[in-house]
Amino acid sequence: MSVNDELASAQRALDEVLRYVKRLEQQLGSGGLEMRRVRMDADRLRESLALLKEGSSPAAPKKPQLVTIPDTPYDNSLWTDSDDEGLGARDRRAP
C-alpha cells in the first residue's frame, strides 16, 4: 500500500473511533475526567493525522534559499561596542 492509502485507512479508522467516543460521551456524560481524557486523546490523534497528511503530500519540495556571504572583510565599526567573549567590556578589567 502507498502512504496515501495508509493515511486514508488510518483516517477511516480514526473516524470510527471518534464515532464511538461520541456515543460513549452520550451514554456516560462528558463531565468525568476519564471521558475528557479520551476525547482529548482522540482530538490529538485527529490533529496528528492531519499533520502527517500535510507532510506527506508530494508538493513541490522546497529548495533551501542560499545566502551568499561576501569574502570582503567586515566593517570594524560593527564591533566598537561589543564585549570580548570571556573578557568582558574593553574599558573594564577582566575578572
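W79 counts as partly exposed, because its relative accessibility is 42%; buried means under 20% relative accessible area, exposed over 50%, and partly exposed in between, with a 1.4 Å probe and protein chains only. The model is predicted, so local features need pLDDT of at least 70 and side-chain atom pairs count only at pLDDT 80 or more, whereas totals for chains, interfaces and linings use all residues. Residues are numbered from 1 along each chain as its sequence is written, and side-chain values use heavy atoms, with hydrogens and water left out.

W79 lies in the segment after helix 2. Together with V67, I69, Y74 and L78, W79 forms a nonpolar patch on the surface, and the accessible area of these residues comes to about 620 Å². Nonpolar side chains (Val, Leu, Ile, Met, Phe, Trp, Tyr) are joined within 5 Å, and like charges within 9 Å. Accessible areas come from the Shrake-Rupley method with a 1.4 Å probe, and for residues only the protein chains shown count as cover.

The chain as a whole contains two helices and zero strands. These are DSSP runs numbered from the N terminus: helices are H or I with at least four residues, strands E with at least two. Of the 95 residues of the chain, 9% are buried.

Where do the nonpolar residues gather inside? The largest nonpolar core consists of seven residues, namely L7, L14, L18, V21, M35, A42 and L49. Here a nonpolar core is a set of buried Ala, Val, Leu, Ile, Met, Phe, Trp, Tyr and Cys residues joined through side-chain atoms within 4.5 Å. Helix 1 (3–28) and helix 2 (33–56) are the elements that each give two or more residues to this core, and helix 1 provides the largest share, four residues.

L14, a residue of helix 1, is buried because its relative accessible area is 7%. Beyond its neighbours within four places in sequence, L14 is in contact (heavy atoms within 4.5 Å) with A42, L45, R46 and L49.

On helix 2, the buried residues are M35, A42 and L49, and they pack against helix 1.

Note on methods: Patches are made of residues with over 30% relative accessible area and no salt bridge: like charges are joined within 9 Å, nonpolar side chains (Val, Leu, Ile, Met, Phe, Trp, Tyr) within 5 Å. A salt bridge is a side-chain nitrogen of Lys or Arg within 4 Å of a carboxyl oxygen of Asp or Glu.
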